[in-house]
Amino acid sequence: GALEALSVSESEQVMQRVGKERVLNSRYAYKDKNYGRRRSEPECPWRAKARLVVSGHMDPDVAHLQTDAPTVARTSVLLLLQIAACRSWTCSAGDVTAANLNGEKIQRELYIRQPRHGIPGLAPGQLLKVLKGIFGLPDSPRGWWLRLLRDLLDLTIPLDGGGSGVIRQCPLDPCVFMVLDKETQKPVAYLATHVDDLLVVAPDGLRQRIENAVSAILPVDEWETQEFDYIGSHIRQTEEGIYVTQTPFVDGRLFTLDIFAGQCDEDQATESQAIDNRSLVGALSWLAGQSRPDLQCGVSMAQQAQKFPSVADLKFTNVLARRAYELREEGLLLRPFDLNQAALYIFHDAAWANAPCAEDHDFQLTPEEDKAGLVMEGPFGKGQRKAKKASSRVASQLGYAIVLGPRDGMDGQTLQGSLLDWRSHACARVCRSTFGGETIACVEGLEAGQYVRACLAALLTGTVVKIEQTSWPLLCLTDCRSL
């Protein structure tokens, strides 16, 4: 229902009436969905997939189209999994088949040519009229999002005890849908969307009813429960908690860069090396941002040097890739505890002015300060590395990590919590002192902690909650005594 084949005569009339501008090229894109998995499991069979894709970059309306389509935030997904771990709920994931083809009908006139080898049953000159969003069109994701939004908000879910539940969007993340008890207006289950990937978090019986209701209006082939893949991460529920790892992604996407004989650390990377470096850093960035916070600082430093990398920069990226591969089974563990007796612990830090010494007349590091900026310890062995921001010769590296855990830690007791948010980046401002860098890191960490707390409160209550009405204290932790 996404395309309508025109006759040869109709196709000729269209070409004369609208011209070539509104007739886009198309091709089939072929993929083996088990390609990455086969690197670790050579006997794994092929999982063939084909898509008809159009050259959407040539869309004549692209400058005037509304193309935005939200996707669920990392923090929201981790908070939903944390709620499931604390309440002993079950999680499941489903994939909508050909999501773009199930979106809203387009409100403009557009046609495509057949792929190079044609479509069986059609003459070579026949065009196809585009009726709905298809893969490649810039507004297809939005068309699918509008259809998904409309259908989910119209759903009614039967609850235990004879009541009914309605679906509403979370006020702080439009891609998190809350199942509210119609009487109490309190959330009793959740559904998150990331394009065509759906995540359900609910008590077991209610989860099955949500799956059935969604499958009745959307083409979901299969729901996987307790252990499944969701937006590139492998999620596994156990008695210890919920694990989030990306082993198949590491096996399928990561590699090491080739360093040629005779290349010195100070030499500029070749064009092909620089291209491969950008590809590898991009893959590492996705990994560090989803399940491997231990890589985040190194990835940030590699990103800052990827425009004009040296051979030393390539070697540093290889160190990151090897570490990612060696610990590919590791990830996040969201532990169960009493949410009513929890607190947020915000660890923040700054490495002051650890960029190469700049020729700045107003500010210049001494040799001792420059040496102090070297990262000599940590997971990268002897690989000395400095942070660098493209627009600033002197920069400070900032970072924070936010842990939700039992409130006993407020009294100094040892605790095990769940890491819910993290970031490491070069500071956008030039800090004139260690205290300045540490203060900015504290501000960023505190703001992120406040958001995590607000998002958790919104998910549990179904509405935006004022700070003074939340029960989870925040504790900021720093190694800077003056701060």
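**Exercise 1: Two helices side by side**

The axes of helix H7 (residues 271-290) and helix H8 come within 9 Å and cross at roughly 150°. Work out how H7 is oriented to H8 and which residues make the contact.

*Solution.* Start with the ground rules. This is a predicted model, in which local features need pLDDT of at least 70 and side-chain atom pairs count only at pLDDT 80 or more, while totals for chains, interfaces and linings use all residues. Residues are numbered from 1 along each chain as its sequence is written, and side-chain values use heavy atoms, with hydrogens and water left out.

Step 1: the crossing angle makes H7 roughly antiparallel to H8 (angles over 145 degrees count as roughly antiparallel; they run from 0 to 180 degrees between N-to-C directions, with axes fitted to C-alpha atoms over the stretch in contact). Helices here are DSSP runs of H or I with at least four residues, and strands are E runs of at least two, numbered from the N terminus.

Step 2: from H7, the contact takes Val 281, Leu 284, Ser 285, Ala 288 and Gly 289. H8 brings Gln 296, Val 299, Ala 302 and Gln 303. Contact means heavy atoms within 4.5 Å.

Step 3: sorted by class, the H7 and H8 contact has 5 nonpolar, 4 polar and no charged residues (Ala, Val, Leu, Ile, Met, Phe, Trp, Tyr, Cys and Pro count as nonpolar, Asp, Glu, Lys and Arg as charged, and the others, Gly among them, as polar).

**Exercise 2: The next helix along**

How are H8 and H9 oriented to each other, and which residues meet?

*Solution.* Step 1: the axes of H8 (residues 296-304) and H9 (residues 311-326) come within 10 Å and cross at roughly 155°. The two helices are therefore roughly antiparallel to each other.

Step 1: Gly 298, Val 299, Met 301 and Ala 302 of H8 meet Phe 316, Thr 317 and Leu 320 of H9. These residues divide into 5 nonpolar, 2 polar and no charged.

Technical notes:
Angles under 35 degrees count as roughly parallel, over 145 as roughly antiparallel, 65 to 115 as roughly perpendicular and the rest as oblique.
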